[in-house]
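User: I'd like to learn how to read a few features in a model like this one. Can you walk me through them, starting with how to judge whether a residue is covered or open?

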Amino acid sequence: MSAPTPLDSQPVEAPPVSVSSGRIPSWTSKRTNGPMPALQPVRSGLPAWTVLVLVLLFAPLVLAFEPVFGQWAGVRAAGAGVVAGLLIALMAQRWRWDLLSVTAAVLVAHFALGGAAALPSTTRWGVVPTGRTLQFLVLQVVHSWKDLLTLAPPASAYDGPAVLPWVTGLVCATAAGVLTLRHGQALLGTVPMLLMAFVATAWGVSGSQPALWPVLAWFAGVLIWWSWAAQRRRFDKGLDIRVGRRGSDHASTTGASASTGISRSAVHGGTRVALAALTVAAVSLAALPATSAFGPWQSRTVLRDLVDPPLDVREYPTPLSAFRHYTTDLENEVIMRAKGLPENTRVRIGVMDTYDGKTLGIAPVGVHPGAGFVPVGDSLPARTAPAGSTAAQISVEALRLVGPWVPTTGVAKSFTFSGPGAELQQDGLHYDMWADAALTTGPVGQRTYILDTVVPPNWSDGQLAGVEAVPFQGSDTGVPSGVSELAAKIAAKEQGALNKARAIERHLSEKGFFSNEGSGNSWAGHRADRLQRMIDAVELIGDDEQYAVLMTLMLHSQGINARVVMGAYPGQGHSGDVELKGLDMHAWVEVEFAGVGWAVFDPTPPRDQTPQTQTPKPRSIPRPQVLQPPEPPEEPAELPPATSQKGTDPSQDEDDQIPWLLIGGVGGISLLLLLPVLAILAAKARLRSRRRNGTPASSIAGSWAEVVDMAADAGVKVAPDLTRQEAAWLLTDVLWRNQGRPGTKVSRNTARGASEDRRGQHLLPAGMVIPRTVVVAMAADRADFAEDDPSAEGALNAWFEVDQLRGELRRDTSWWASLRRALSLKALRRRRRARREARKDRARRAGARELDDAFSAETPQVEQRGRKGRRKGARR
């Protein structure tokens, strides 16, 4: 008696497949020998709760943006970006978004949430974006990277730079979340974190010292995370087992069983993690001394140190060029008003220390630490003021200043402009940290602002005794030869920088004379020839400009760091609310002492110490008064058009000035580039909709056509001479191999083939399993050849299998391959060729029918002629 075949066995229904429980039975195929791998749970990524680990790893990176921004602006922007990016990654994992969907979600989050996160001052109620918010979000994606390097910290004083941490957090968190949660690539998911750390460090503040132990602790946490994620992946794939836990059903049917010894490494998983941690610690201890070759650990070079500020102060005339104009032409005119000025405080306008033979200019960037005018906002970086300093808030109204200079005093903390042009003046504010001087590139004219500052004390000689002066590091050119000789002669008997500076100060102020008449030996300017004539003359004659420059050059020749300060101060005892006129303008010398600061020296003689001339003044002879005819009236002067914008709302102008042309151009170009992509996706979606929404028979046939199209887009060509089921088995072996296809052992059943439900259960002869591709092919065959008409439920089931096949392809291929298949034209070209071949086939069949009809019409005539011929032959 022969053994019973599978068709003779009794029907046995397989239990339902439960993917969520992690228990999926193994299955055997008649087309392969031996047991096939068990169906694995649909888990290509890591559990959703691991997003909490990503939050912990991103937290230190978010805090790294705070030093350069201050006031928690950097933390707010970067933190909001990280939260938004991780939420997008969770949604992408939940709904299986493709790359285009994730990109669209990032763009929507950028424009919807970027204002509240990075630009709250431009929004309404701190949340709703305005036209100005959208403008900043478009432009600052490009400009914030440069602006943050050229602006002086804290960057929270500006609108725009915070877009950098927002975009960095949003993009890096999205990439890390998608790679980790969806694809399970914990190692690759750390790369965006390292990129965010690089941005926070490279765009950080200068002179900061990296913290060693927090960095090592972060890397140790990353190592533990990698180890856990890798072990989790091995458990999910069945390569390792958990000792002491009940294994899943598939663990016993796969090759990775405990009896084989393959998974022994899981027993020592904790040991491997500990050994890996010790390895990293050993490598770190060996690598830290090697880093000393690149410089001391306490120093850090950031991009800000390598970028020169864009402002070239040499474009502006030196402040000293207007000194004689103030003291003569505007002698009795109010130059500025100050309210709240502390006693014995000098207002600083310009600071100069570099001589080129023509003018004493402002030190360029790099000559001194912090030298150079850099953009600042309303708040300046916090600096340590000397002991005994006095905090002050001064209201300044500059009325008749020449040039872009902004008067200041002490160690400034913030500037708040008001009045006409205040916003442009605020945006154009630049500050020199070394000189404690300010200028604005905004509109010239009247400037009104409030200055918060800390005024240092006036150092006495007793306090400076024994303190060394800072050596002069600059280089002067074109200095008259008599300057160094005069300095050496005066300071020859003095010891110490302070005594030499006081000796030069006394010599100039006591033996020199004051004169600003602009004739003879008192011409304006401080060119080399002017200073040489001043030294060679019998008497030293000049005003603050010449004496201050001369003393500075003399101190430079002695190796003492000194500078000229032009400013104003009221008479002795005046403080509080003062008016500073042209006669209150002065120039003095400051010398830098190590660890103390700058001390003031006044080398200019008193104004009443004038030179005595021997030439008598001409006697004036009165002339008789003659009545002169009246002069003709002058024509009215043409005035420039009024530019006052009083009464207008600045915020309204800002909202109206939206670069619609730029936004439209960028949007148009983007739409033009995306148009082919959208056209391909729309064509495929339309074709899929037509196939799905037809009659049940056409819908089932369309489901098989959809499977063939997916194969064509994946690069698998189905030969036209294969039957559907032969092609289905071929696609199963080639394209959907080992991709976790739900299949169930079933009993033998009717000759009608497979009967499936929505859970993927099928009834077949015992020992057989039916892959999804074959299910769709058999359904299409039944729809074409069965006597009964297919039902709508059968069409739904067929398309359900198609959707599952599409999901498996997306889940088990890279995002780039999924994108390439989604935009592939192979399926559309295959369908076009099929339609063309069908038309040709119809034309061939039509031609054949016409030939048959013509032959049928000719046949009776031929037979009639044949019969007549036979009759004639018979008569003969």
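Analyst: Let's start with the cut-offs: buried means under 20% relative accessible area, exposed means over 50%, and partly exposed is what falls in between. Keep in mind that this is a predicted model. Take Arg337: its relative accessibility is 31%, so Arg337 counts as partly exposed.

User: What does Arg337 meet in a salt bridge?

Analyst: First the general idea: side chains of opposite charge can pair when their charged atoms come close. Here the side chain of Arg337 meets that of Glu579 in a salt bridge, at 3.1 Å from N to O. This pair links distant parts of the chain, with Arg337 in strand S1 (residues 334-341) and Glu579 in strand S15 (residues 576-581), 242 residues apart. Glu579 has 42% relative accessibility, so Glu579 is partly exposed as well.

User: How many salt bridges does the structure hold?

Analyst: The structure holds 21 salt bridges. Another one joins Arg502 and Asp461, at 2.9 Å from N to O. Again, the pair links distant parts of the chain: Arg502 sits in helix H17 (residues 497-511) and Asp461 in helix H15 (residues 461-464), 41 residues apart.

User: Are Arg502 and Asp461 buried or partly exposed?

Analyst: Use the cut-offs again. Arg502 has a relative accessible area of 17%, so it is buried. Asp461 is at 36% relative accessibility, so it counts as partly exposed.

User: Which residue forms a salt bridge with Arg772?

Analyst: That would be Glu808, with the closest N and O atoms 3.6 Å apart. Arg772 lies in helix H24 (residues 772-785) and Glu808 in helix H25 (residues 792-811), so the pair ties together parts that are 36 residues apart in sequence. Arg772 is buried, because its relative accessible area is 3%. Glu808 is buried too, because its value is 2%. Salt bridges can also share partners: Arg688, Arg691, Arg692, Glu706, Asp709, Asp803 and Arg806 are joined into one network that way.

User: What about the backbone? Where is Trp125 found?

Analyst: For the backbone, look at phi and pick out positive values in residues other than glycine. Trp125 has such a value, with phi near 60 degrees. Trp125 is found in the loop between helix H4 (99-118) and helix H5 (131-150). With a relative accessible area of 75%, Trp125 is exposed. Asp436 also has a positive phi, near 50 degrees, and lies in the loop between strand S9 (429-432) and strand S10 (437-440). Asp436 counts as buried, because its relative accessibility is 11%.

User: One last thing: how many residues apart along the chain are Val591 and Val470?

Analyst: Val591 and Val470 are 121 residues apart along the chain, while their C-alpha atoms are separated by 8.2 Å. Val591 is found in strand S16 (residues 585-593) and counts as buried at 1% relative accessibility. Thr610 sits in the loop between strand S17 (597-601) and helix H20 (650-656), and is partly exposed at 35%.

Technical notes. Residues numbered from 1 in each chain as written. Predicted model: local features only at pLDDT ≥ 70, side-chain atom pairs only at ≥ 80, totals over all residues. Heavy atoms only, no water. Salt bridge = Lys/Arg side-chain N within 4 Å of Asp/Glu carboxyl O. Helix = DSSP H or I, 4+ residues; strand = E, 2+ residues; numbered from the N terminus. Buried < 20%, exposed > 50% of the residue type's maximum accessible area, 1.4 Å probe, protein only.
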